[in-house]
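Please look at the structure shown below.

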Amino acid sequence: MSGGHAPDDAAARRAVSPVIAYPNETLPTSNLPALQKARMGLEMIGEITVPPRQARCFSVPAGHFFRILSTEGPQVGDLNLWNADDLDERFYSGKTRALHGSHVTTGDRLWSSFPHFRPMATITHDTLDWYGIDEFGGSVHDVIGTRCDPYTNKLLSGDEYHHCCHSNLTDALAEHAGLAWRDAERHVHDVMNVFMCTGFSCDTGQYFMKASPVRPGDYMEFFAEINLLGGLSACPGGDCGTTHSSRDPACYPLMVEVFAPLNPPENWHPPAVNAYLPPPIDLRK
Ligand SMILES: [Zn+2]
C-alpha cells in the first residue's frame, strides 16, 4: 500500500483542538512592574556601535539594562548571549520559543541552556510591540531563525560569503575572549533575531522573512538577570527584505547602550540555576 492516502476519518483527525505544549502560567514571575519602575531612572554607562556586516561583543552586569537601537536605517540584529563568567551557559533559542512563542516582546524572558536553564534577560521595553501578527503570519523579534551562516550558503548556492552573522559573531567573540577562531565558533549559537520580521508560510510551512518595520529611533530594552556577555551582528541582510548572506542589501549600524539603574529593582535577585538534579543512573526506575 502506498503512503499518503487520507483515511476516511481524516477530517475528524485534523479537527482535533490543539493544546498549548508548555502552559507558562507557572513560570517564575519576571517581576516586570519592579523592572519597569527601575527603568524610569537610568544612567548610561557604556555604548558601542556595531558597524554594518560586522559584530561586536558587549558586557552587561547583572541588575543592569541594555538597549539595542536602530540608528541610521532599517537593520536587523542577530543576538547571542552568554553567562559572562561561563561561556558554556548560553541563550537557548529553542526552549525560549517553546515557552514564550515564536516571537518575543516586553515581559518575555530569554532562557539559558541546560543544565543551567534560567532567565538570562527579561525584555523590559519594545518600541515595535504595536506590530503584532500581520496578514502573512509575520511578526518581529523571532526566536525561530538560526543565524545566517556560510555553511548553509555554500550548500544552497555554492557561494562563499564571509560576513554572515555566524562568522561575524565568531570574529567578535574570538577577539573579545582571546580565543582561536574555531574555539570561539563552538560557542556561537542560535540567535534572537532583533527587529527581524519573520514567520512560516501558510502553504508550505517554510521560514520566510520580509522587510523589517524597524526605523531609526526604535529600540528593544533588556534587563540582565545574570552577568551577561552579549554578541550582536548587524546582519548582512540589512532589513532582510530581499536576501541575506550577500553583499547586495543596504546595511546600517546598530547601537548598544548599557545602563545602570539609579535604584535597583525591588526584590530582585539573580535567578538560581535550575533545581533539577538527575539521580544516579542505577536509581532511575
Ligand atoms: Zn544574519
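Q: Which atoms are the protein donors of the zinc ion, and what makes them donors?
A: The protein donors are C148 (SG), C165 (SG) and C235 (SG), lying 2.3 Å from the zinc ion. Water is not among the atoms, so a site may look incomplete. Along the chain the donors follow the spacing C-x16-C-x69-C. C165 in helix α5 (residues 165–177) and C235 in the loop between β12 (228–234) and β13 are 70 residues apart, and this pair links distant parts of the chain. Helices (H or I, at least four residues) and strands (E, at least two) are DSSP runs, numbered from the N terminus.

Q: What kind of model is this, and from where are residues numbered?
A: The model is predicted: local features need pLDDT of at least 70, side-chain atom pairs count only at pLDDT 80 or more, and totals for chains, interfaces and linings use all residues. Residues are numbered from 1 along each chain as its sequence is written, and side-chain values use heavy atoms, with hydrogens and water left out.

Q: Why is C165 called buried?
A: Buried means under 20% relative accessible area, exposed over 50% and partly exposed in between (1.4 Å probe, protein chains only). C165 has 0% relative accessibility, so C165 counts as buried. C235, at 3%, therefore counts as buried as well.

Q: Why is the pair of F114 and F117 called edge-to-face?
A: Rings of Phe, Tyr and Trp (its six-membered ring) pair if their centres lie within 6.5 Å; planes under 30 degrees apart count as stacked, over 60 as edge-to-face and the rest as tilted. The centres of F114 and F117 are 5.3 Å apart and their planes stand at 85°, so the pair is edge-to-face. F117 is buried, with a relative accessible area of 18%. Y92, W111, F114 and F117 form one aromatic cluster. The peptide bond from F114 to P115 is cis, with omega near 0°.

Q: Why are β1 and β6 called edge strands?
A: Six strands form an open sheet in the order β1-β13-β3-β11-β7-β6, with antiparallel pairing. Of these, β1 (42–50) and β6 (109–111) each pair on one side only.

Q: How do you know that β1 and β13 pair?
A: Two strands pair if DSSP finds at least two bridges between them. β1 and β13 have eight bridges in the antiparallel sense, so they pair. E47 stands opposite E257 in β13.

Key
Donors = N, O, S within 2.8 Å, 3.2 Å for Na, K, Ca; no water.
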